[in-house]
Amino acid sequence: MAAAPVTERRIEVAGISTAVLEAGAGPPMVLLHGPSAYAAGWLPAIPALAATHRVVAPDLPGHGATAAGDAPLSADRVHSWLDALIDRTCPTPPVLVGQLIGGAIAARYAAANPDRVRALVLVVPFGL
């Protein structure tokens, strides 16, 4: 990842130590990966997206370098985590992109919070 055009950092989000990749400038875009994956799976797409957007790609709770935390990962807890992540990393409502389980999280979040999302992109969503 050293050659990738991203910055890696760790932030505390809703009580969960979260690993985040960031790149670019412009309107925010949050990328949510699929199951058994992590944010670096978006690396092939990040350079093109970062040409026009500020890209934020977190490891979902319990995936990659992001801890699950002490409490069970319920849908409500993950929803709260995403809300706090957006508060912390996005000055305006982001384009929310989700793949597989990340797509299910993104779709449910956007449905419950339409004013907090600029647009929704679902990549191979399932279970909706």
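Reader: Which helices each supply at least two residues of the lining of the largest pocket?
Author: This is a predicted model. In it, α2 (75–89) and α3 (101–112) each supply at least two lining residues.

Reader: Which element gives the most to that lining?
Author: α3 does, with five residues.

Reader: What volume does the largest pocket have?
Author: About 300 Å³. It has 15 lining residues, and S74, A75, V78, I101 and I105 are the closest to its centre.

Reader: How do the lining residues divide into nonpolar, polar and charged?
Author: Ten are nonpolar, three polar and two charged.

Reader: Switching to H33. Where is it found?
Author: In the loop between β3 (28–32) and α1 (46–50).

Reader: Is H33 buried or exposed?
Author: Buried. Its relative accessible area is 1%, and the cut-off for buried is under 20%.

Reader: What does the side chain of H33 reach?
Author: The backbone nitrogen of L60, at 2.9 Å.

Reader: Which residues is H33 in contact with, leaving aside neighbours within four places in sequence?
Author: Among them are Y38, W42, D59, L60, H63 and Q99. I101 is also in contact with H33, and I101 is one of the residues closest to the pocket centre.

Reader: Now the whole chain. What pattern does it follow along the sequence?
Author: β-β-β-α-β-α-β-α-β. That comes to three helices and six strands.

Reader: What share of the residues is buried?
Author: 43% of the 128.

Key. Residues are numbered from 1 along each chain as its sequence is written. This is a predicted model: local features need pLDDT of at least 70, side-chain atom pairs count only at pLDDT 80 or more; totals for chains, interfaces and linings use all residues. Side-chain values use heavy atoms; hydrogens and water are left out. On a 1 Å grid over the protein atoms alone, a cavity is a set of points where a 1.4 Å probe fits but cannot get out, and a pocket is an open set with protein on both sides within 12 Å along at least five of seven lines; lining residues have an atom within 4 Å of a point. Grid points are joined across faces, edges and corners, and a volume is the space filled by probe spheres set on the points. Helices (H or I, at least four residues) and strands (E, at least two) are DSSP runs, numbered from the N terminus. Ala, Val, Leu, Ile, Met, Phe, Trp, Tyr, Cys and Pro count as nonpolar, Asp, Glu, Lys and Arg as charged, and the others, Gly among them, as polar. Buried means under 20% relative accessible area, exposed over 50%, partly exposed in between (1.4 Å probe, protein chains only). A polar contact is a pair of N or O atoms within 3.5 Å; within protein, one must be able to donate a hydrogen and the other to accept it, and residues adjacent in sequence count only if both atoms are side-chain atoms. Contact means heavy atoms within 4.5 Å.
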